[in-house]
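Open the model in your viewer and keep the sequence panel beside it.

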Amino acid sequence: MPIDNAGNTLANARRINPTATTQTFSDFVGGTDLNDFYSFSLSSRSSFNLNLGGLNTNADVQIIRDINLNSVVDSPSEIIASGNISGIANEAIRTTLDAGNYFVRVFPGIGSAFSGTNYNLSLTANSLPTQLQFNLNNSNLKPTDNLSINGGAVYDADGFSDLSVVDFRIKQSNGTFIEISDVIKFTPSNSDSRWSGFTYDVSLASLNLKPGNYSLWAIALDKGINTSEVVEKQFTVTPPNTAPNSLSFNIDNPNITTTGTLNISSGQVFDSNGASDISGIDLQIFQNGKLINTVVNDITRIVVNSANTAWGSFTHSLSLNGLNLVAGNYTLRAFAVDKANNISPVVEKQFTVTPPNTAPNSLSFNIDNPNITTTGTLNISSGQVFDSNGASDISTIDLQIFQNGKLINTVVNDITRIVVNSSNTTWGSFTHSLALTGLNLVAGNYTLRAFAIDRANNISPVVEKIFTVIDWFTQNLKDQQIINIARNLSIDGNLSRQDMIDILRDAKDNSVIDSNELSDLKVILSNASRFTMQDHVRVLSNKVVIGDVANITSGIGNLFSGSSATQLERLLSKWFFGSDRPQLTSTSLSYREVKGSLFQNGISYQDVNQGILGDCYFLAGLAATALRTPNVIQSMFIDNGDNTFTVRFYNKGVADFVTVDRFLGTFSDGTIAYANLGAKYDNPNNELWVALAEKAYAQINESGWTMGPGSQDRRNSYQAINGGYTGYAITDITGLITQYDTLDSYDMNAIVTSFNQGKMITFGSKQTGVANNVVSQHAYVLVGYNSSTQRFRLFNPWGVNGGYDSQFVFKDGFLDVTFSELVRNFRSWDKSA
């Protein structure tokens, strides 16, 4: 019975393990045994050799890979290789297989299935070298350099002993190769003997490589002549480095002292490899052919010419200080050195060292005007300087200004003009004018420090002269504290409200205002324009310092020499902080600090809402101003940022000011009693301008000049402004002249014309005989005229919603009347001029 060791299907194929050593399997195929199958696996990509021999009849062989793992060869693609020579000649397959599972099938050839044949199946499998790797140590080489690598390694699953060689070649840009030595020595890895390391180093000197681009080409071979993938690393061969071949420079100052500095200029150097190849220009000093000094401070900064990079330029400063040269003639020898240590031809330049320069040793001068203003000019006279090298050796006399030992200013305008004495040239004389303008000196004592400097930067002994700067403050003021604070606060050229408060409070030192302090305050105010003092600050300060009728009326009194600090503080509180509030009209009323803002949603005559005070004339004046010139209302108030407001009125056309705080008269329920009647004191939406203007009018009434109030009561009280004249109130508010006239039947055209011209117009109602909806003896404001209906629209200062009179009769906030109704109910009218 024929032998049958092999399996007859893929599923029961005989398992074998091919290695690099040839293995032979003998068996029979034919008759009922039409297929012999062998299975094997490869762990890595390998060369595979198969031989089928010892045949009696024709037999064929196949290498199969069951791709879909169904144990059936169901696609031609699963047959990797075949041997199907007719007859009994040996079948041979030589191929390379990737890692994986494979089968060998032996089966009868054409015409031999019945008789069958014995066979001998011989095969080997050898893993290919893989993962060949290395790096170049240098990819930019000269033709005579060595080409070397690092990190050389290769992997062979059969172990490092299976490696034969790493074949190295140099591949040229045209694709041809230059044969070079190979690597045949490998070192196994300590951790994995399948990995092997190697080194490589080859000289390019004998290869005569021309400049250009190359690659180091390599492939690993094992002992079965199996090869790895090709690895290439690029490198460039550059031309050989040639020495710099041109060098030139000048010495600007060939005559120099032992501590001077040689100025090397116009330096030029040429290197065909590029000026960037120059590493430095070496300097040496010779005398009489003997090397005296190898200069440490060589030239290392070369500027490459952008138009021709082979050329470079340089300058250099070579200090002789510390080189211990004595007077005499020397040679500066120089040569350029490139990065390959090639040197240029030597260039020599002569220079002469002269004896060291001695410093100027005498300096004197006078200041003719040692007391001077901040913008004055110091007159320096009788200047004398001595220099044994000659006064012409003096380059300058340096001036510095000190105060209390501290340098304040290094003067730019030094003394540079020295007149050499014709009879003794070692002496020089000078005068000088030193302007203090721009030096920002403040009043005080200063020291002018001076020293002469020669051309070798040697300096003379220092000479100091004292001078005193006097400014406007020291010239015009007497009290030192006021001088200091006024000077410091006005350094920005302005004395603000807070500045003046600070100055006034400073005058309270020792709890009394003395004559010097009072005098100084008056001088400052008389020079308000010098300090760009704002009008309201000047006016309020004048009321404190110079005086005001209100100071007497209020009982505080005007300031005088000997006034107490308490009196001064009361005056400040009155005029700058509004603390001297008007007397209320009833003891049932009280002041409360009111919330809200000065303006809400712009300025309108409709903001006016008269309270319990009979000052319709004043509120009508505010409404008329708001209607025609809201900007006047806007500029009437200054928010001081401390919950106080300075308010402007006009005294015969000249602005006058008073300050109010946020406290307004209120009823016991917290509602406002006067203008803004009925508003809650703690409502953050309150609009305050009308109420604050009314309060300010009551306060400034105490100054005795207001024209609006009808009474002669000049107290600081609301009652004092009860009743008055609307036209005069407009003048007090705006500074404009107003015209009063009785109303008669001839005035219609004049009224309409004036209104159309933008004039402020108010009317005064009759005392008796007025219509039910008209308030008697009351001021109204003309806010509109309808030419079609010829009706006049009047605004009642009681507010847009009107109100009730003392008889509880409702009066409208607006009246729309014909001219005849106007004449019937109103006795007079005022208009702005």
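This is a predicted model: local features need pLDDT of at least 70, side-chain atom pairs count only at pLDDT 80 or more; totals for chains, interfaces and linings use all residues.

Residues are numbered from 1 along each chain as its sequence is written, and side-chain values use heavy atoms, without hydrogens and water.

Select 362-367, which is β29, and 419-420, which is β34. Strands (E, at least two residues) and helices (H or I, at least four) are DSSP runs, numbered from the N terminus. These two are the edge strands of an open sheet of four strands, whose order is β29-β31-β35-β34, with antiparallel pairing. Two strands pair if DSSP finds at least two bridges between them.

Which residue of β35 stands opposite V419? It is S429.

**The helix**

Next select 726-734, helix α11, where Y728 is found. Y728 is partly exposed because its relative accessible area is 39%, and partly exposed means between buried (under 20%) and exposed (over 50%), with a 1.4 Å probe and protein chains only.

**The pocket**

Select C616, S776, Q777, H778 and A779: of the 40 residues lining the largest pocket, these lie nearest its centre. A pocket is an open set of points on a 1 Å grid over the protein atoms alone, where a 1.4 Å probe fits, with protein on both sides within 12 Å along at least five of seven lines; lining residues have an atom within 4 Å of a point. Finish with 761-765, which is β46; β46 gives four residues, the largest share of the lining of the largest pocket.
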